[in-house]
Structures are given as structure tokens and as C-alpha cells.
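Visitor: I'd like a quick tour, with the cut-offs behind the words. Can you walk me through it?

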Amino acid sequence: MSAQELEVDGATVRLTNPGKVLYPESGTTKLDVAMYYLQVAPVLLPWAKNRPATRKRWVDGVGTEACPGKSFFQKNLDAATPEWVQRQRVHHMDHDNIYPLVNDARTLVWLAQTATLEIHVPQWKLASDGVPQNPDRLVLDLDPGEGTGLSECAAVALLVRVALAQIGFDSLPVTSGSKGMHVYARLDGQKTSGEAADLAHELALSIEHDHPEMVVSRMGKELRRGKVFIDWSQNWPGKTTVAPYSLRGRMLPTVAVPRSWDEIDQVGLGQLAYREVLARVEAGINPGL
């Protein structure tokens with residue numbers, strides 16, 4: 001089949017080469033990716049709405065371990081973007097970018113058409129006039145160093161949960177679909193991005209101080225061996241984090257998935273593939289802040 005048209009939210013989204021395999025190890029096609037994003041739209045969109053989206057694209061698929069596919073990040077929209085894709089110009093220090101806003105299901109399907117597998121967004125939203133607002137959430141990215149894995153990240157996530165609770169924040173764990181985890185907390189919009197980053201840094205330093213055998217809060221990779229790095233810097237205004245329910249460009253189509261704290265505390269915690277996530281969503285399993 002050379003092309004397939006999907007009617008979504010009153011728009012016709014044309015998928016070229018829908019049978020193109022984007023994940024060779026699982027045989028997952030462009031159409032599979034489009035249908036995944038269409039089905040998870042109700043739970044993904046609240047995480048991405050009104051946030052400038054940076055897309056990570058694999059136009060020839062993720063490839064194999066022996067021959068990985070090439071990927072690239074894209075911020076600016078190009079002339080081929082459908083007119084119905086919502087967008088916003090964002091001023092950076094020395095340039096402007098026009099970003100898509102992932103505000104509806106048809107935009108998610110269009111992203112699949114462009115072989116965008118990963119959707120990355122900041123912790124702040126844009127106001128209706130395009131002005132960046134203060135962040136409405138805080139994130140701590142738990143990255144396992146050499147010799148550690150998801151189980152160690154889960155143990156550190158539980159420490160992060162306690163540390164956040166001690167200063168009055170509920171939190172939500174998200175298995176990243178890659179190697180580690182993210183822990184989110186809701187903010188009331190009173191802190192700037194810099195203040196949120198400072199708070200995240202203080203939390204990371206405190207947890208490192210109390211658990212130096214498990215945790216490191218500094219960037220150097222040589223410091224991370226046998227420990228979990230708490231990356232607090234993703235709260236800076238110019239940084240982004242993969243959106244919950246986004247696919248990942250790994251060898252298998254895994255997903256960044258919100259989890260319950262009960263799940264994090266269980267033996268055998270693993271990253272989830274997209275079909276497992278679809279089953280969770282169909283069953284109404286959608287932990288939130």
C-alpha cells in the first residue's frame with residue numbers, strides 16, 4: 001500500500017508508505033505507530049498540550065543493534081506542515097523557532113507520518129499570546145550508571161518520593177521506556193524555571209548526601225559507575241524531557257509510562273512496550289499527579 005488516509009478530528013492525515021517498518025526487531029510499522037498515538041491521545045495530550053514540542057525522528061526506522069538507524073532532533077516546522085497543526089514562535093537568546101503544539105490527536109498522527117517516534121517537551125506551557133509561563137511541574141530524571149539498572153532507579157525513586165513528600169509534594173513515577181525513570185511533582189506556577197531547577201538540585205544534593213553509595217547528583221559520567229545519577233537540570237527553561245506516553249526510539253517500541261508507586265515497589269519492574277501500554281490504557285490504568 002503506497003498511502004493511507006486517516007480522518008482524525010476533522011482533518012485528513014495522509015500516511016505515505018504506512019507499511020514501512022520503523023522497528024525491525026518487532027516489525028512495527030508506521031501505521032502501527034500512527035494507530036498507537038491515535039489510541040493514547042486522550043492520556044498523552046494532557047502531558048504535552050501547549051508545550052513547544054521538539055521531535056526526534058527516525059526517517060528510516062530505528063534499525064538493528066548491528067546497524068542502528070540515524071535519528072535527529074527537529075524543532076522548527078517546515079513548509080510541508082499541514083496548516084491545521086497548531087504552532088507557536090518561541091524566542092531563544094539569539095534566534096526564534098516555530099514549534100508545533102501537540103494539542104490534538106490529528107497532530108499526533110501527523111507526527112507518526114513524519115517518523116517522529118519521540119516527543120520531548122519542557123516543564124512549562126505557553127500562554128495564549130505565546131509567552132512562556134512558569135513551570136507547572138518539576139521532574140527528576142533518574143539515569144542508571146554503569147553496573148546499575150532499572151531496579152536501582154526504582155530504589156532511588158522511592159527515596160525521591162519521600163524527599164518530595166517531606167516538602168509537601170505528591171509525586172508520580174514514570175518508567176522512561178529507555179534505561180531509567182522520571183519522577184514528576186506538580187508545581188503551582190509560582191516558581192520560575194530557575195527556581196524549580198534550584199529546588200530540584202537541592203533535592204538531588206540532599207538525597208546524594210544521605211545515600212552516597214547509591215546516588216550522584218553531578219554530571220560527570222566517571223562519577224556514575226555503580227550509582228544512579230539524579231539529573232535535576234531538565235527543569236531549566238531550555239531543557240526538555242520525553243513526554244509520558246511517547247514512544248522511544250529503542251530497538252523495541254517501548255514507551256515512557258506513568259506507573260503507580262505500588263508498581264515501582266515490586267520485584268521485576270520493567271520497561272513497557274507499546275502493546276502493553278495500549279492494554280493498560282484500555283483497562284483505564286492511567287496514574288496521574
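Visitor: What covers the buried residues of α6?

Guide: The cover includes β4 (28-29), α1 (30-48), β16 (254-255), β17 (257-258), α5 (261-264) and β18 (272-273). Contact here means heavy atoms within 4.5 Å; helices (H or I, at least four residues) and strands (E, at least two) are DSSP runs, numbered from the N terminus. A caveat: this is a predicted model, where local features need pLDDT of at least 70 and side-chain atom pairs count only at pLDDT 80 or more, while totals for chains, interfaces and linings use all residues. Residues are numbered from 1 along each chain as its sequence is written, and side-chain values use heavy atoms, leaving out hydrogens and water.

Visitor: Which residues of α6 are buried, and why are they said to be on the same side?

Guide: Tyr274, Val277, Leu278 and Arg280 are buried. They cover an arc of only 160 degrees around the axis, so they sit on the same side of α6. The arc is taken from the directions from the helix axis to the C-beta atoms. On the other side, Arg275 and Glu282 are exposed.

Visitor: Why does Asn235 count as buried?

Guide: Its relative accessibility is 2%, and buried means under 20% relative accessible area (exposed is over 50%, partly exposed in between; 1.4 Å probe, protein chains only). So Asn235 qualifies as buried.

Visitor: What lies 2.8 Å from a polar atom of the side chain of Asn235?

Guide: The backbone oxygen of Val139 does, and so does the backbone oxygen of Trp232.

Definitions and conventions: Polar contact = N/O pair within 3.5 Å; in protein donor to acceptor, adjacent residues only side chain to side chain.
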